Amino acid sequence: MIELKDVKKDYGKGEYITHALQGVNLNIEKGEFVAIVGTSGSGKSTLLHIIGGMDQMSSGIYRFENEVISDYSLAKLQEFRKKYISFIFQNFALMNKYTVYENVEMPLLARKVKGRKKIVMDCLEKTGISDLKNKLPSQLSGGQQQRCAIARALASDSPVILADEPTGALDNKTSDEIMSCFEEVLSNGRTIILITHDIEIANRCQRIVRIEDGKIV
Ligand SMILES: Nc1ncnc2c1ncn2[C@@H]1O[C@H](COP(=O)(O)OP(=O)(O)OP(=O)(O)O)[C@@H](O)[C@H]1O
Ligand SMILES: [Mg+2]
């Protein structure tokens with residue numbers, strides 16, 4: 001499904017250049033559950049952003065279901081994201097003007113999905129925040145905001161879920177419940193790639209990809 005060939009990503013230029021990705025080769029099959037691990041600054045978020053079409057690479061080839069994404073314009077990348085990707089950001093990226101319920105409903109509205117109420121309530125219950133549905137993100141704890149971002153990704157029917165440390169703000173028991181939610185959506189044929197610093201979380205995935213200094217080791 002996902003095929004990266006010699007992908008490089010530089011930030012800045014001249015003496016301020018950072019070689020965030022230095023020739024990444026990675027294949028991910030449809031329905032796989034993959035963990036990306038590595039030290040801080042090793043390039044994990046950069047890699048996930050490129051897979052999600054959030055950012056353009058400096059060089060290399062990215063094929064998604066045999067389409068060459070690396071040639072896409074920014075406008076086409078946006079279409080690609082809308083169609084295929086749900087992203088759980090490291091900083092949650094919830095919309096503060098909208099309630100928990102509305103945040104989770106957002107991707108469904110964008111795709112004009114029918115029967116939204118049931119889907120949204122189901123995901124809020126799975127993530128244990130249904131009683132907070134009328135609150136604004138600013139009224140939630142960090143862990144509750146994280147669960148709202150996860151509920152939003154679970155609710156959307158996108159084939160790929162990309163998650164940047166989705167359990168970073170959660171206690172062990174809640175992390176465990178979230179991993180069970182992910183395992184459940186995997187059985188519906190979705191593909192999940194998550195970044196984690198937690199070895200127990202990584203061990204629950206089918207495969208662990210380790211990145212060091214912008215390279216897969
Ligand atoms: N927008 C940016 N502009 C310039 N440099 C950046 C930018 N984003 C990331 N970098 C640099 O690229 C490198 C990789 O960053 P990245 O965010 O991918 O690391 P990470 O593995 O996700 O780290 P962490 O575990 O701390 O989140 C780092 O050296 C970082 O400073
Ligand atoms: Mg990161």
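Here is a walk through the model, from its sheet to its metal site and its salt bridges.

Keep in mind that this is a predicted model, with local features needing pLDDT of at least 70, side-chain atom pairs counting only at pLDDT 80 or more, and totals for chains, interfaces and linings using all residues. Residues are numbered from 1 along each chain as its sequence is written, chains are lettered from A and ligands numbered from 1 in the order in which they are written, and side-chain values use heavy atoms, with hydrogens and water left out.

Let's start with the sheet. Six strands make an open sheet in the order β6-β7-β8-β3-β9-β10, and the pairing is mixed. (Helices, H or I with at least four residues, and strands, E with at least two, are DSSP runs numbered from the N terminus; two strands pair if DSSP finds at least two bridges between them.) At the edges sit β6 and β10 (215–216), each pairing on one side only. Between β7 and strand β8 (residues 191–195) there are five bridges, and these two strands run parallel. If you want one such bridge to look at, Val160 has Thr191 as its partner in β8.

Helix α2 (residues 74–84) touches β6 and β7, and its direction makes about 85° with that of β6. α5 touches β6 and β7 as well, but its direction makes about 170° with that of β6. Contact here means heavy atoms within 4.5 Å; the axes are lines fitted to C-alpha atoms, for helices over the stretch in contact, and angles run from 0 to 180 degrees between N-to-C directions.

Next comes the metal. The magnesium ion (ligand 2) has Ser45 (OG) and Gln90 (OE1) as its protein donors, at 2.0 to 2.8 Å. Ser45 belongs to helix α1 (residues 44–51), while Gln90 is in the loop between β6 (85–88) and α3 (100–110), 45 residues apart. Donors are N, O and S atoms within 2.8 Å of the metal (3.2 Å for Na, K and Ca), and since water is not among the atoms, sites may look incomplete. (Buried means under 20% relative accessible area, exposed over 50%, and partly exposed in between, with a 1.4 Å probe and protein chains only.)

Now for the charged pairs. Count a side-chain nitrogen of Lys or Arg within 4 Å of a carboxyl oxygen of Asp or Glu as a salt bridge, and you get eleven. One of them joins Glu32 to Arg207, with the closest N and O atoms 2.9 Å apart. Glu32 is in the loop between β2 (18–28) and β3 (33–37) and Arg207 in strand β9 (residues 207–212), so this pair ties together parts 175 residues apart in sequence. Glu32 is buried at 13% relative accessibility, whereas Arg207 is partly exposed at 27%.

Another bridge runs from Glu105 in helix α3 to Arg116 in helix α4 (residues 116–126), at 3.0 Å between the closest N and O atoms. Here Glu105 is buried at 14% and Arg116 partly exposed at 26%. Asp157 and Arg111 also meet in a salt bridge, 3.2 Å from N to O. Asp157 lies in the loop between α5 (142–155) and β7 (160–164) and Arg111 in the loop between α3 and α4, so the pair ties together parts 46 residues apart in sequence. Finally, salt bridges with shared partners join Glu3, Lys5 and Arg63 into one network.
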